[in-house]
Amino acid sequence: MEIKVLKDILSANDQIAERNRALLDSKKVTVFNIMSSPGSGKTSLILETIRALKKKVRIGVIEGDIASSIDAQKVGEEKVPVVQINTGGECHLEAGQVGRALESLPLDRIDLLLIENVGNLVCPGEFKLGEDKKVLILSVPEGDDKVHKYPLLFSMADAIVISKIDLLPYARFDIPAFLKAVKGLNPKARVLKVSCTTHEGIEEWAEWVISAMRR
Amino acid sequence: MHEMAITQSMVNLVLDEAKKGGARKVKNINLVLGELSGVVGDCVQLYFGLMSKDTIAEGATISFKTVATQAKCRQCARVFEVKDSEWLCPECHSISIELVSGNELFVESIEVE
């Protein structure tokens, strides 16, 4: 006997993501799922965001890593609530892990929750966490040819941040070619350029963050 | 590594559906995988062997159906298969295209007794 199923394998994850979303909606918390390869500057951008917006926005952070709490310690020094999730080998965060992390965050005192996903440009795209916006970071040394190598993530991102732009004089990164590729695959994405070292572009990024928050 | 999480979700889904259908044994799983989903069939097979042990799905086969990556041109509406990462409309050569398939990851049906 054949049983028709026609169900997405990740439907269980999606349902939990919906539950996270409903909880965060009720608490009026905006959530960003921040994704990139390892070393592109997710933590640095989170730290810059906190420093730029701390006086206007109450920020909370969930740090996802395969192992260690190095990132959570760095973020904790900024005196914002932070929870570290160690996935123990898994290459992405899942909605259930985020749901458990939400239980230890003071959601009534958070306006913006930044979730740092595990460094990876493939799998995190498959697992919804309950976010409002997907932010994708690509650093200058990684090269401008990544849009069509990782089309799934680039096609679903709400904002694409080119990081480490202070390295443009030393690395080959053709910004017009990159913008053209992004525009082709994902014309709605907002592309921003930042350097967390020189702080160039951070103000514009902070403005986008504010504009992307719930009213 | 994400095949582990994906296979576990698949096993849960299959066992759930089999139970609902009153099945005693799952014989085959028809699984649909998009090329872009980044899921490696061999890994799913390997994990499935381990995760289905001592369940009614133990020993079931998995039939993989792969879905090609397809895109639609935003200029001329042509739908085409994306091959060798050529993200270009073969008709009008526009690069303004949207993904229409390739991200599938679902259980189409299960064969049970």
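Biologist: Which residue in β6(B) is the bridge partner of A:D8?
Modeller: In β6(B), that partner is B:F106. The model is predicted: local features need pLDDT of at least 70 and side-chain atom pairs pLDDT 80 or more, while totals for chains, interfaces and linings use all residues. Residues are numbered from 1 along each chain as its sequence is written, with chains lettered from A and ligands numbered from 1 in written order.

Biologist: And how do the strands β1(A) and β6(B) pair?
Modeller: They pair in the antiparallel sense over five bridges; pairing requires at least two DSSP bridges. Strand β6 of chain B covers residues 105–112. Strands are DSSP E runs of at least two residues, helices H or I runs of at least four, numbered from the N terminus.

Biologist: How many residues does each chain bring to the contact?
Modeller: Chain A brings 29 residues and chain B brings 29 residues, where contact means backbone-placed C-beta atoms within 7 Å.

Biologist: Which element of chain A gives the most?
Modeller: β1(A) does, with seven residues. Elements supplying at least two residues each include α1 (11–26) and α6 (175–185) of chain A.

Biologist: New topic: at what angle do α1(A) and α4(A) cross?
Modeller: Their axes cross at roughly 30° and come within 8 Å; axes are lines fitted to C-alpha atoms over the stretch in contact, with angles from 0 to 180 degrees between N-to-C directions. The two helices are therefore roughly parallel, the term for angles under 35 degrees.

Biologist: Which residues of α1(A) meet α4(A)?
Modeller: Among them are A:N13, A:I16 and A:L23, and the α4(A) side includes A:A95 and A:L102.

Methods
Two residues are in contact if their C-beta atoms, placed from the backbone, lie within 7 Å. Angles under 35 degrees count as roughly parallel, over 145 as roughly antiparallel, 65 to 115 as roughly perpendicular and the rest as oblique.
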